Amino acid sequence: KISEAAQKKASEVAYVEEHIHEVGEQVGEGVAIARNGASAAANDAKKSAEAGVAKGLYTAKAAQQQATEVADLEAHIQKDQQAAATIALVTANDAASKGRVKVLGAAMHVSHPRVHVIGNSVVDVLVKGGSNRLEGSDSFSSDNVEMISEPIIPVLGGSGAASAYVLAKLGAQARLYTNLGDDSFGAMLTGWLQDAGVKVVSSHASATATHVIAIQGNRRTSSYYRGEKVNWQAASAAPGIGEGDWCLISGYGAVEQEDLAEITAVTKTLTACRCLVAFDPSPWFAGKVDRDSMLQLWATLDLLTATEEELLQWVGTKKKKMSSEELAKECLLLCPRARLVVVKRGAQGASWAAPGAESGSLSALSCDAANSVGAGDTFNGQLVYSLASGLPAAAAVEAAVERATKAVRSGKGAIGAFEGGQDGRGG
C-alpha cells in the first residue's frame, strides 16, 4: 500500500513537473514575443525620430534659403533706390544749370500749410444806392433821411481778417493776430472767422474797427473808425513758428512811423526762424514814413504784393511811363531776398516778377462788378495759400486774380469769394 501510494505521488509530481515545464515554455514564448514587440517598437520609434530630424533639417535649410533670397532682394532694392536718387540728383542739377528750375515751383505740394496773419479786423457796413447828399439835422425828417431800396449789409473786412478767412477756407492752418473789440461787432467777426477755421489771437480792444461804406455805382465814400492798434510782436512770439511757415503782414489805417519799425523787427525775427514773410504796405504808410525805412523792411521780405499806386510811392523811378510788369521788376531789385513781387491792377488783373528774369501779366475776367470791397485782401489770401502749397508764381497769381474776381462779383468781400464752392486754385 505504501509502495502504491508512493508511486501515485511520484506520478502526480511528474505531472506537475511536466505542467510546470509547459508553463515555462509558454512564459518563454511570451517573453520572446514581448522582446520582439519591444524591439520592433524601438525600431519604429527610431525611424520616426530620424524622419523628423531629416524633415526639420530640410525646413531649416529652406527657411535659411528664403532668408538669403529676401536679403538679396532688399540689397537690390537699396541699389535701385540709390540709383534712382543719383539719377534724380543729376537731373535736378542739370535742370538748375539750364535755368529750368522755377523759384517758387520747386516745392512739393503742401495740403494744409501753416500761415500766420498780422493785421486789423473790421466790420465793413455796405450801404448801396444812397445819394449821400443830405443835410444834417438833430431830428428825423424827409430832409435828412433817405430811403434806399437795397439792404444794408455787414461783411467781414480788414486786411488781416479778410486774408485769414480766405486762407482758412482754402484749407490752410490760419492763425490771425488782430485787434478785435469786446463788443457785438467783435463777436460777429470772431464767429465768421472761427466758422472758417481761423485761430484768432486778439488784443481784446474796447471797440471793434468799423467802416461804413456808401456805394454809388462804381464810386464810394466812407466813414472809418480805425479801432485800436495791432500788436505786431505777437506773431514773432508764437510757439512753434519756423521753417515752412508763412506770415502775411498788411498795413491798415492806424499805422504810423513806429509801426513800420516794429514790423521790420518782426520780419527779421521771423526770417531768422526760416519763416517766409509776405507784406502788403497798403496806402496808409504814404506820407507817414520815409522811403529808406520802407526799403529796409522790403529787404527782409520773401513776397511783396501791392497796387500800382502803392508801389510807385516807394520805387522813386525817373521813368515817365512804366508798365506794371516793369514796375514789378523795379521793385524786385529793391527786395534782394524776395521770391516774388506782385502788382495788383484791379479790373486789369495783375503783373509779377521773380528772380531769373521770370515775369508776366494776367488779365482779370470781365464781370459786372457789384463792388471791389475786400478784393485786394482776398487776392493776398489766395496768393499766399497758393505759394505755400507749392504752386509756381504764374499759377499762384492766376488763382489770386480769379478769387479776387469772385469777391468783386459777389459784392460781399472775402465771404462772397466762396459762394458756389472753394478750392486752392480759385475755381
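Reader: How many helices and strands does the protein have?
Author: The model is a predicted one. Counting its secondary structure elements, the protein has 10 helices and 13 strands.

Reader: Among contacts between residues at least 6 apart in sequence, what percentage join residues at least 24 apart?
Author: The contacts considered here are those in the protein between residues at least 6 apart in sequence. Of these, the share that joins residues at least 24 apart is 71%.

Reader: Which residues of H7 does H6 meet, and is the crossing left-handed or right-handed?
Author: On the H6 side, the contact involves Glu308, Leu311, Leu312 and Val315; their counterparts in H7 are Ser324, Leu327, Glu330 and Cys331. By class, the residues of this contact are 5 nonpolar, 1 polar and 2 charged. As to the hand, the crossing of H6 and H7 is left-handed.

Reader: How do the axes of H8 and H9 lie, and how many nonpolar residues has their contact?
Author: The axes of helix H8 (residues 375–388) and helix H9 (residues 393–410) come within 8 Å and cross at roughly 150°, and the crossing is right-handed. H8 contributes residues including Phe379, Leu383 and Leu387, while those of H9 include Val397, Ala400 and Ala404. Alongside 3 polar residues and 1 charged residue, the number of nonpolar residues in the contact of H8 with H9 is 13.

Reader: Is leucine 295 buried or exposed?
Author: Leucine 295 belongs to helix H5, residues 291–298. Beyond its neighbours within four places in sequence, leucine 295 is in contact with Trp314 and Leu334. Its relative accessibility is 15%, and the limit is 20%, so leucine 295 counts as buried.

Reader: How far apart in space are leucine 295 and cysteine 335?
Author: In sequence, leucine 295 and cysteine 335 are 40 residues apart. In space, C-alpha to C-alpha, their separation is 7.8 Å.

Reader: With which side chain does the side chain of tyrosine 224 make a polar contact?
Author: Tyrosine 224 lies in strand E7, residues 219–225, and is partly exposed, with a relative accessible area of 26%. Apart from neighbours within four places in sequence, its contacts are Asn120, Val122, Thr210, His211, Tyr252 and Gly253. Threonine 210, 14 residues away in sequence, is 6.0 Å from tyrosine 224, C-alpha to C-alpha. The polar contact of the tyrosine 224 side chain, at 3.1 Å, is with the side chain of asparagine 120.

Reader: Which residue has its backbone oxygen 2.7 Å from a polar atom of the side chain of serine 236?
Author: Serine 236 is located in the loop between E7 and strand E8 (246–250). Not counting residues up to four places away in sequence, serine 236 touches Val266, Thr269 and Leu270. The backbone oxygen lying 2.7 Å from a polar atom of its side chain belongs to glutamine 233.

Notes. Residues are numbered from 1 along each chain as its sequence is written. This is a predicted model: local features need pLDDT of at least 70, side-chain atom pairs count only at pLDDT 80 or more; totals for chains, interfaces and linings use all residues. Side-chain values use heavy atoms; hydrogens and water are left out. A crossing is left-handed if the near helix is turned anticlockwise from the far one by less than a right angle, and right-handed if clockwise. Helices (H or I, at least four residues) and strands (E, at least two) are DSSP runs, numbered from the N terminus. Contact means heavy atoms within 4.5 Å. Ala, Val, Leu, Ile, Met, Phe, Trp, Tyr, Cys and Pro count as nonpolar, Asp, Glu, Lys and Arg as charged, and the others, Gly among them, as polar. Buried means under 20% relative accessible area, exposed over 50%, partly exposed in between (1.4 Å probe, protein chains only). A polar contact is a pair of N or O atoms within 3.5 Å; within protein, one must be able to donate a hydrogen and the other to accept it, and residues adjacent in sequence count only if both atoms are side-chain atoms. Axes are lines fitted to C-alpha atoms, for helices over the stretch in contact, and angles run from 0 to 180 degrees between N-to-C directions.
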